[in-house]
Amino acid sequence: MQVTIRLFARLREITGSGELAREVPTPADAQAVWEALAQEFPALEQYRPVISCAVNEQYAKFDTPLTEGDEVAFLPPVSGGGGFGARD
Amino acid sequence: MTLEPLDLVQTAQAVTSPDCGAVATFVGVVRDHNQGRPVRSLDYECYEPLAVKSLERIAAEAAVEWPGARLAIAHRVGSLQIGDASVVIAAASPHRADAFAACRYAIERVKQIVPIWKHEHFDGGETWIEGATADPDDEAAKRIARERARK
């Protein structure tokens, strides 16, 4: 099945694109998509322990089953707000 | 979520109502230093649809925690300079204690779960600021936000 992969911040820089279309074997979950992507871009691998994922614009677990056309987003640790860290 | 400069008064007006005797506000501003080095500017990037949903979720959480409190949160993205407001929060409530608490809770949760990323430019380089692994269902993170709100 075809899925759309969205990447942000450092992950986007590693792959060179914020949006990728990829074919993955069925059945697939977000983890399978990540693993395929990390094989293609090995520099991604180290981020797995700290990233979150979202499926179709909702936070999701990595074992969420995917269906054709789903959008899977991988999110590095977030840093919104005004300061720089938790203490700010 | 907006690329435009934030408007504190407009944000506060969005939550003001006749039954609210208090509106607490918070403005997060781009600071000129981080970890002992001067910062030149910041770029903010977001995953907009999920960011908006996350902000709505924070407002809903606060409404459960402090019944009667209402939140408005505006976050700017794009290229910001030192002194620019990156986030504006207004919390309205019948009484001030809940308004202050809901406002503090909101900024803590923004930092925990809203998919926004800061790219820092400093003299001689640039780096992504990586804060919290976002998990909106993480009860420990919620508890920390609640504790800070009630300080």
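Trainee: Which residues of H2(B) are buried?

Mentor: Burial is judged from the number of C-beta atoms around a residue: 20 or more others within 10 Å make it buried. In this predicted model, the residues of H2(B) that qualify are Leu50(B), Ala51(B), Ser54(B), Leu55(B), Ile58(B), Glu61(B) and Ala62(B). Seen down the helix axis, these buried residues lie within an arc of 140°, so they line one face of H2(B).

Trainee: Which exposed residues does the face turned away from the buried side carry?

Mentor: That face of H2(B) bears Glu56(B), Ala60(B) and Val64(B). The helix itself covers residues 48-65 of chain B, 18 residues in total, and spans 26 Å from first to last C-alpha, close to the 26 Å expected at 1.5 Å a residue.

Trainee: What covers the buried residues of H2(B)?

Mentor: The cover includes elements of both chains: from chain A, S3 and S5, and from chain B, strand S3 (37-46), strand S4 (70-75), helix H3 (96-113) and strand S7 (116-122).

Trainee: How many residues of each chain are in contact with the other?

Mentor: Contact is counted when C-beta atoms lie within 7 Å. On that basis, 23 residues of chain A are in contact with 31 residues of chain B. On the chain A side, helix H1 (9-15), strand S3 (52-55), strand S4 (58-60) and S5 each give two or more residues. By class, this side has 12 nonpolar, eight polar and three charged residues.

Trainee: In which sense does S1(A) pair with S2(A), and in which with S5(A)?

Mentor: Pairing is read from the bridges between two strands, at least two being required. With S5 (residues 71-75) of chain A, S1(A) pairs in the parallel sense over four bridges, and here Arg6(A) stands opposite Ala73(A).

Trainee: What is the strand order in the open sheet of chain B, and why is one side of each edge strand left without a neighbour?

Mentor: The three strands follow the order S1-S6-S4, with antiparallel pairing. Strand S1 (22-29) and S4 of chain B stand at the edges with a single partner strand each, so one side of each has no neighbour in the sheet. The twist averages 10° from one strand to the next. Eight bridges join S1(B) to S6 (residues 85-93) of chain B, with Thr25(B) partnered by Ala90(B).

Trainee: Which helix packs on this sheet?

Mentor: H3(B) does, touching S1, S4 and S6 of chain B, and its direction makes about 145° with that of S6(B).

How values were computed:
Residues numbered from 1 in each chain as written. Chains lettered and ligands numbered in written order. Predicted model: local features only at pLDDT ≥ 70, side-chain atom pairs only at ≥ 80, totals over all residues. Contact = placed C-beta atoms within 7 Å. Nonpolar A, V, L, I, M, F, W, Y, C, P; charged D, E, K, R; others polar. Expected span 1.5 Å × (residues − 1). Buried ≥ 20, exposed ≤ 12 C-beta atoms within 10 Å, placed from the backbone. Arc of directions from axis to C-beta. Axes fitted to C-alpha atoms, helices over the stretch in contact; angles between N-to-C directions.
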